[in-house]
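Subject: Handing over a structure, with notes

Dear colleague,

Here is the structure I promised to pass on to you. Please open it beside this email, and then read on for what was found in it.

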Amino acid sequence: MTHRAPAFLPLTVDAAARLNAVPLLRQALVTDHAAGECWTALLAGCGTAARRGLAPQLRRLSEATSEHVGVRWWFAEGTGHRRRVASAQENLEDAIADGDGQEFALAFVGYDHAMASAVVACPQRARSSVPGSPAGRGSLRQQPRAPQGRRT
């Protein structure tokens, strides 16, 4: 199996990977794949399910981001980021509806930047309130562990 780098969400995928945000990373990769299929459909001039399927993936990625950063932060201190993501998502949906590949590519750059900025802008303390997150299990901040030597 060959591995390809994310084509549409490289910043978001990188931010999620660096923060070890596995659910967010998974959703970003699924969304990136859907974006690739949509891009192909746009270039081919097709009105396929790939074009219709990207908008729900974008919403799922926004939801995953909200869960990662914490709903409280997303709707309070992160409101500017949330609005920027929503605006970028709207631009993308317009480009898909217009069938404009160039507009789509430019809109995706803005969307990726908005998503990645939101992910990294949230302070660790806010992320700690996310149920099920490693930081939410008793630690305010997940610290890297030093390698352990062999015990004899």
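A helix, as the word is used here, is a DSSP run of H or I that is at least four residues long, and the helices are numbered from the N terminus. In that numbering, Q102 belongs to helix α6, which covers residues 101-121. Please keep in mind throughout that this is a predicted model.

To begin with the whole chain, there are seven helices and zero strands, so that the pattern read along the sequence is α-α-α-α-α-α-α. Of the 152 residues in the chain, 40% are buried. The chain exposes about 9300 Å², and 54% of that area is supplied by carbon and sulfur atoms. If you take the contacts between residues at least 6 apart in sequence, 65% of them join residues at least 24 apart.

Is Q102 buried or exposed? Q102 has a relative accessible area of 61%, and it counts as exposed because that value is over 50%. From Q102 to W39 there are 63 residues in sequence, while their C-alpha atoms are 9.8 Å apart in space. S117 also lies in helix α6, but its relative accessibility is 17%, and because this is under 20% S117 counts as buried. Once its neighbours within four places in sequence are left aside, S117 is in contact with H81 and R84.

The next point concerns how helices pack. Two packed helices are described by the angle between their axes and the distance between the axes. For helix α3 (residues 49-69) and α6, the angle is about 15° and the axes are 10 Å apart. An angle under 35 degrees counts as roughly parallel, and therefore α3 and α6 are described in that way. Their crossing is left-handed. On the α3 side the residues that meet α6 include L54, L58 and L61, and on the α6 side F104, F108 and Y111 are among those that meet α3.

Helix α5 (residues 79-98) also packs on α6, with axes that come within 8 Å and cross at roughly 160°. Because that angle is over 145 degrees, α5 and α6 are roughly antiparallel to each other. The crossing of α5 and α6 is left-handed. Among the residues of α5 that make this contact are H81, R84 and V85, and S117 is one of the residues on the α6 side.

Finally, please look at helix α1 (residues 10-18), whose buried residues are T12, V13, A15 and A16. Why do they lie on the same side of α1? They cover an arc of only 165° around the axis, which puts them on the same side of the helix. These buried residues of α1 pack against α2 (22-44) and α6.

After α1 comes N20, which lies in the loop between α1 and α2. N20 counts as partly exposed, because its relative accessibility is 44%. Most residues other than glycine have a negative phi. The phi of N20, however, is near 55°, a positive value in a residue other than glycine.

Terms used. Residues numbered from 1 in each chain as written. Predicted model: local features only at pLDDT ≥ 70, side-chain atom pairs only at ≥ 80, totals over all residues. Heavy atoms only, no water. Helix = DSSP H or I, 4+ residues; strand = E, 2+ residues; numbered from the N terminus. Buried < 20%, exposed > 50% of the residue type's maximum accessible area, 1.4 Å probe, protein only. Arc of directions from axis to C-beta. Contact = heavy atoms within 4.5 Å. Areas by Shrake-Rupley, 256 points an atom, 1.4 Å probe, with all protein chains shown as cover. Axes fitted to C-alpha atoms, helices over the stretch in contact; angles between N-to-C directions. Parallel < 35°, antiparallel > 145°, perpendicular 65-115°, else oblique. Left-handed = near helix turned anticlockwise from the far one by under 90°.
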